[in-house]
Each structure stands twice: as structure tokens, then as C-alpha cells.
Amino acid sequence: MQHLDPLAAHAFLQQTPDAVLVDCRTEIEHMYVGHPVGAEHVAWQEAPDWEIDPYFADNVKRLVKGDLTRPVVLICRSGSRSVFAGEALEQAGFTQVINVLEGFEGGLDDDFHRGTLGGWRLRGLPWQQS
């Protein structure tokens, strides 16, 4: 798995039109916190039980129409869940998996808030709310 910071991931997506950006956060995070423009939502896990979706890799396979060589860029809140999701994709045969370091909101600051230390949104990259 490759790891790119948000700026490098955005540049990669701009230069690689066949790449797909997958937001693997929960539906609520995707809709209400916001998401990168153009991101496809495929949840790695959902509240309230937080069980990993056993069909995650199959759902991404459908998204890429079965082309496991198509680059898949994964983003989550802070860049942690997306690593586990990426490992699952690699185990399922995907060959170009990229994790967005810092995720959408970045890590926790000293006040336990997100969005001040990094992430897609803080870096000024295109995002929207649903």
C-alpha cells in the first residue's frame, strides 16, 4: 500500500483520471462532516456496532467494475481506518491501493479537536457536504 499526504493524493487523482477515491468512513461522517468532491462512499464499518462490513471489498470491486488494477485511493477521518480497509483490498487482489495520510479531518490536537492539525479539509482541498 502506498501512503500519500492529502496534497499529493489530490495531485495523484488529478493526474490519474481512472483512479477512484473511496471514502470509507460511516455514512453520517460522509454526509454531515463532509467529504472530498468526487469521493465514492463505501463504508468500512458502521455505527452502532462498528462491525467491519464483510462485503467491503466486493462493494469496491463493483465500483471499479471488477478491474483490480484500477488505482483506489482510500480516505477516512484520520488515515487509520483506511489502512485496514486498504489491507482488506490488497488481500482481495487489488494491486494499486493508496491511503490518504491525515484523512479528511486530521489527528487530534491538544484540546482533542480534529481539523486543526491536518487533513484534506484543512489543506484547502475541494470538499462538500451532502
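**Exercise 1. How many Å apart are the mean positions of the positive and negative charges of the protein chain?**

Keep in mind that this is a predicted model. Start by counting: the protein chain carries 10 positive and 19 negative charges.

**Exercise 2. Work out which elements the protein chain has, and in what order they come.**

Begin with the tally: four helices and seven strands. Now walk along from the N terminus, and you'll read β-α-β-α-β-β-α-β-α-β-β.

**Exercise 3. Find the order of the strands in the open sheet, and its edges.**

Step one: five strands take part, and their order is 1-6-5-2-4. Step two: the pairing is parallel. Step three: look at who pairs on one side only, which gives strand 1 (2-4) and strand 4 (40-41) as the edge strands.

Now zoom in on one pair. Strand 5 (residues 72-75) runs parallel to strand 6 (residues 97-100), and three bridges join them.

**Exercise 4. Check the radius of gyration of the protein chain against that of a compact globule.**

First, the expectation: with 130 residues, a compact globule would come out near 14 Å. Next, the value for the protein chain is 14 Å, so the two agree. For the outline, picture the C-alpha atoms filling a box of roughly 40 × 35 × 25 Å along the principal axes.

**Exercise 5. Say what share of the residues is buried.**

Call a residue buried if its relative accessible area is under 20%. By that cut-off, 42% of the 130 residues qualify. As for the accessible surface, it totals about 6800 Å², with 51% belonging to carbon and sulfur atoms.

How values were computed:
Residues are numbered from 1 along each chain as its sequence is written. This is a predicted model: local features need pLDDT of at least 70, side-chain atom pairs count only at pLDDT 80 or more; totals for chains, interfaces and linings use all residues. Side-chain values use heavy atoms; hydrogens and water are left out. Helices (H or I, at least four residues) and strands (E, at least two) are DSSP runs, numbered from the N terminus. The radius of gyration is taken over C-alpha atoms; the globule rule is 2.2 Å times the number of residues to the power 0.38. Buried means under 20% relative accessible area, exposed over 50%, partly exposed in between (1.4 Å probe, protein chains only). Accessible areas come from the Shrake-Rupley method with a 1.4 Å probe; for residues, only the protein chains shown count as cover. Lys and Arg count as positive and Asp and Glu as negative; His and the chain ends are not counted. The place of a charge is taken as NZ of Lys, CZ of Arg, CG of Asp or CD of Glu. Two strands pair if DSSP finds at least two bridges between them.
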